[in-house]
Amino acid sequence: MSTRPITRRAGRWLLAFAVAGGALAWAAHLLVAWGVIELACSIGHQHVAGISVRAFALLATVLPGVVAAAALAVSWRLHRHDLAAPRGRRERRAGFLAELGLGLNALSCLMVLFGAIAVAVLAPCG
């Protein structure tokens, strides 16, 4: 039994994560962290799911930051090691997508980092 189809399928999902993982993590950070905090603060709650609003904001910032950093690492790995010398059209296309993922994931990491700075500096319900 050949392992090539399994490798090909895993490679597609890995490349998809390398391209879109950081952007999806950033979107989740925006929706979960700031959306839930805005709703909780607008109705006067100081706790979300049994934890304080500040701790929830920190958690909703750190987890997407880790996912965005992992996507950045995967895109870096694909760009530098696995797709460094493309042999055909598919490898060139995958190399382009990995390079695109580098830029998108770097931007996503920066945006989540700026969100973390906002969580550290500003009061959530202030």
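Among contacts in the protein chain (heavy atoms within 4.5 Å) between residues at least 6 apart in sequence, 78% join residues at least 24 apart. Keep in mind that this is a predicted model, where local features need pLDDT of at least 70, side-chain atom pairs count only at pLDDT 80 or more, and totals for chains, interfaces and linings use all residues. Residues are numbered from 1 along each chain as its sequence is written, and side-chain values use heavy atoms, with hydrogens and water left out.

The protein chain has three helices and two strands, and from the N terminus on they run α-β-β-α-α. Helices (H or I, at least four residues) and strands (E, at least two) are DSSP runs, numbered from the N terminus. Of the 126 residues, 27% count as buried; buried means under 20% relative accessible area, exposed over 50%, and partly exposed in between (1.4 Å probe, protein chains only). The accessible surface comes to about 8200 Å², with 70% of it belonging to carbon and sulfur atoms. Those areas come from the Shrake-Rupley method with a 1.4 Å probe, and for residues only the protein chains shown count as cover.

Now for the inside. A nonpolar core here is a set of buried Ala, Val, Leu, Ile, Met, Phe, Trp, Tyr and Cys residues joined through side-chain atoms within 4.5 Å. The largest one has nine residues: A33, I37, A40, V48, V53, F56, A57, A60 and V119. Helices α1 (4-42) and α2 (53-82) each supply at least two of its residues, and α2 gives the most, with four. Another core, of seven residues, lies apart from it, with L15, A18, V19 and L78 among them.

V119, from the largest core, touches W34, R54, A57, L58 and T61, leaving out residues up to four places away in sequence. T61 sits in helix α2 and counts as buried because its relative accessible area is 5%. Beyond its neighbours within four places in sequence, T61 is in contact with H29, V112, G115, A116 and V119.

N105 is a polar side chain to look at in helix α3. N105 is buried, with a relative accessible area of 0%. A polar atom of its side chain lies 3.2 Å from the backbone oxygen of A71. (A polar contact is a pair of N or O atoms within 3.5 Å; within protein, one must be able to donate a hydrogen and the other to accept it, and residues adjacent in sequence count only if both atoms are side-chain atoms.) Not counting residues up to four places away in sequence, N105 touches A18, V19, G21, G22, A23, A68, A71, L72 and S75.

Two pairs can be compared by sequence gap and C-alpha to C-alpha distance:

| Pair | Apart in sequence | C-alpha to C-alpha |
|---|---|---|
| R77 and A98 | 21 residues | 8.7 Å |
| A94 and G11 | 83 residues | 9.7 Å |

R77 lies in helix α2 and is partly exposed at 46% relative accessibility. A94 belongs to helix α3 and counts as buried at 13%.

L113 lies in helix α3 (residues 89-121) and, at 45% relative accessibility, is partly exposed.
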